[in-house]
Each structure stands twice: as C-alpha cells, then as structure tokens.
Amino acid sequence: MKALVAVAMLAGAARADALLAGDPPPPPPAPPPTIVAPRPPLASDPFADRLTLTPAVGALFRSGDAMAVEASVTRTFDRAEVAASYSLASWSTDRVPRVGATIQRAGVEARYQALRKRVDDLTLDLCAAAGVGWEHVAPDAGSSVDLGDVSLGAVARMLPNIEHDRDRVWFGMEAELRVLIARDDTTLMLVWGFPIGR
Amino acid sequence: MRLAAALVCVAATARADVASGPSWSGPHGSGSLDFAVGAVPAGTVRGFAAPGGHADVGVELGRLRLQATGDLALWTDTAMDAPAARSVAPPTASGTFARLGVGARWTIAALAHDRSMRIYVEGDLGRQWLPIASRDDVGFGFGIAQAARLGATTLGGQFGIRVLVAPAAPHDDVSLFVVLGVGLGR
C-alpha cells in the first residue's frame, strides 16, 4: 500500500513538472463513430435556390372581368427567378349580354428581385417580371381563339422558413400584378396565393 | 333544402373524427370544412357561386386519400350585375349551387420535419345541381394542407383551387373554385 501511494505521488510530481515545462496537453479523445451521416451544412445564403409551388386565386380584367385560378412553379437563383404558370379564368362582359368565355393561359416569366429584405428566417421580396404566354379563349358560343401575349408584372412576396435552423421549408404569401399585352387587347391580372416548397 | 345540405356537410366533417391511428403512418379518417367562392357557368349563362362552403371527408392511406366531397353555395347569374344586359336578356333565376363527388387525393410532397405541410392534387367524379341545370362533371384540385397533432387528433388548415369540368357544347363548362378552411382528423 505504501508503495502504491509513493508511485502515485511520483507520477503526480512528474505530471506537474511536464506542465510547468510547457509540454502540450494530451490530445482529446476521438469522437465516437457516427452511424447516421450528419446533416449537410446549409448554403452560405440560406435563402438561395428555392423551388416553390403556388396555388393562387385572382381576377382578370379585359373588357369585362373574370375570376381566375392559377398553379405556378418558381425557381430562384439568388436574385434571378424563373416562373411557369397555368391559369384558368371564367370571363364575362357587361357590354354584351350572354357573352362569356373560358380562358386558359400558360406562361413563363423571368423575374428579378429588385428589392429584398431578410429578417431572421423571413425574406421579403419585390420582383420585376417579364415573360411570354399563350392563351386559349373558348367563348360560350363560337369557335376558340389562340393568341400569344407578352407579360409585364410585379411580384410582392413574404416567405418565411418555417423550419428555422432545422431544414428549409418555405411557406408564405405572394401577390402578383401582371399586365398581358396581346394582339388586340390588354389584360390586367391580379393573382394571390401561398407559395410552398424547399 | 339549403339548411339540410349544410347540416349534412357539417355532420360529415364531424363524423370524420372516428378513425384511429397515428397521422400519416396508418389508415385514419380526416375531414375539412372550407369557405368556397367560385365561378360556375352553364352554357351562355355565367354564374357566380358565393358565399359557399366546401366539405370533404376521407380515409388516408399513406399518400392516398379516398374522399367524398360536398359543395353548397348561393349561385347568381352575373347578368344581374349588368343593367344593360338585364334590359336585353332577363337574368335567370338565382338559387343554390350544390355538388356531391367521390374521388381521391394524392400527396405529391410532405414537407417539414414532421411532414405536416403537404402539397396535394386531387380528382373526383361528381354531380352538380343549379337552378337551370343538373349535370355530371369531373373535378380537379391542387393545394396545400397543414395539420398539427393535438393529442390523439390533428387540427389544421388547407388552401386549394378546384376546377370542375362539365360536358357542354360547343365547349365544356369550366367552373373555378377557391377553398380555404380547417381540417380535423385522427
């Protein structure tokens, strides 16, 4: 027993001498092996490269007015965006009785986030948009008409990451004011919806 | 008639809260009750359906949901909004829009760590009744549904767009709806 105490004291003295002499501390123990791969770090800009889908409702004004619904998909690249949309509208006019039409429109837009503000997990974007579209107008009586159009618009968006630091899941609100310039007519379109995606 | 149909919609939604099982993982019941607004044409008569309600009740089997839907709304001939049109073409009788349908919903994506945010598409076959017509149709939908677990039940909301296509000449009648409401399930 006395021998053990003496050895312990000698070892402690030797350790103290080593620390006083400036020797580096022993390396920390290696971490235990991981079974599940760790989550990859988020991008440097956590708001970059989003892909969202948006169901939306709106109104369309063209020598009369219409209710519209729209489904769209949007991909962002930093400040640049590309959006594709499909819209359906039920149009009628006050000028001529019993005249109405169902309008389908497929469009593609390029957008630029002219203004944006990030607040914690939230981004507020204001985009300028320009694009082209194809319209199929089916009157209640008569033959259908196809026409192309050019669109100019502005998009306002509030999009928080509802998963915070855990992951990226975007869910917010978006509104777009869009002017459709076709061969014979100009249309004002307002759509509002909920973008959701990653 | 309107009251009876409204009671049926409410009862169907409440009745959805009967199945058991954890959300998403096993068969379980769910339902929703929504506010709905829509445009419903019938031939050359353009009608507007508002205010209205939409209800659905279904059984969820993973991503698939088998469901029955019901709609009820006040339907108005939009020509009533146009004095010039009214003098030339008297508006039709306004009244009730009602619809029943049976179909399915498919969750195309479930987001968030608990998969509580879902993006869905849906389709159904139905029949609709208007003051001036009754007809069969095909319905399509796209939207977002969210649910949070509260003990043994789930409570959430949904927002979606719905399109009803009824055969007609020379072009099919296409009705548009937006629905926004609450969901309940187990």
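In this predicted model, the secondary structure of chain B is made up of two helices and eight strands. Followed along the sequence, these elements come in the order α-β-β-β-α-β-β-β-β-β. Of the 186 residues in chain B, 49% are buried.

Attention now turns to the partner chain. Here 38 residues of chain B are in contact with 38 residues of chain A. Together the two chains bury about 3,000 Å², with 73% of this area given by carbon and sulfur atoms. On the side of chain B, the residues that lose the most area to chain A are R46(B), H171(B) and L176(B), which together supply 21% of what that side buries.

One salt bridge is counted between chain B and chain A, and in it the side chain of R46(B) meets that of D140(A), with a distance of 2.4 Å from N to O. Eight residue pairs are in polar contact across the interface. The side of chain B that touches chain A draws two or more residues from each of several elements, including the helix α2 (83-88) and the strands β1 (28-42), β2 (45-61) and β8 (173-185). By residue type, this side of chain B divides into 28 nonpolar, eight polar and two charged residues.

Note on methods:
Residues numbered from 1 in each chain as written. Chains lettered and ligands numbered in written order. Predicted model: local features only at pLDDT ≥ 70, side-chain atom pairs only at ≥ 80, totals over all residues. Heavy atoms only, no water. Helix = DSSP H or I, 4+ residues; strand = E, 2+ residues; numbered from the N terminus. Buried < 20%, exposed > 50% of the residue type's maximum accessible area, 1.4 Å probe, protein only. Contact = heavy atoms within 4.5 Å. Buried area = accessible area lost by both parts, 1.4 Å probe. Salt bridge = Lys/Arg side-chain N within 4 Å of Asp/Glu carboxyl O. Polar contact = N/O pair within 3.5 Å; in protein donor to acceptor, adjacent residues only side chain to side chain. Nonpolar A, V, L, I, M, F, W, Y, C, P; charged D, E, K, R; others polar.
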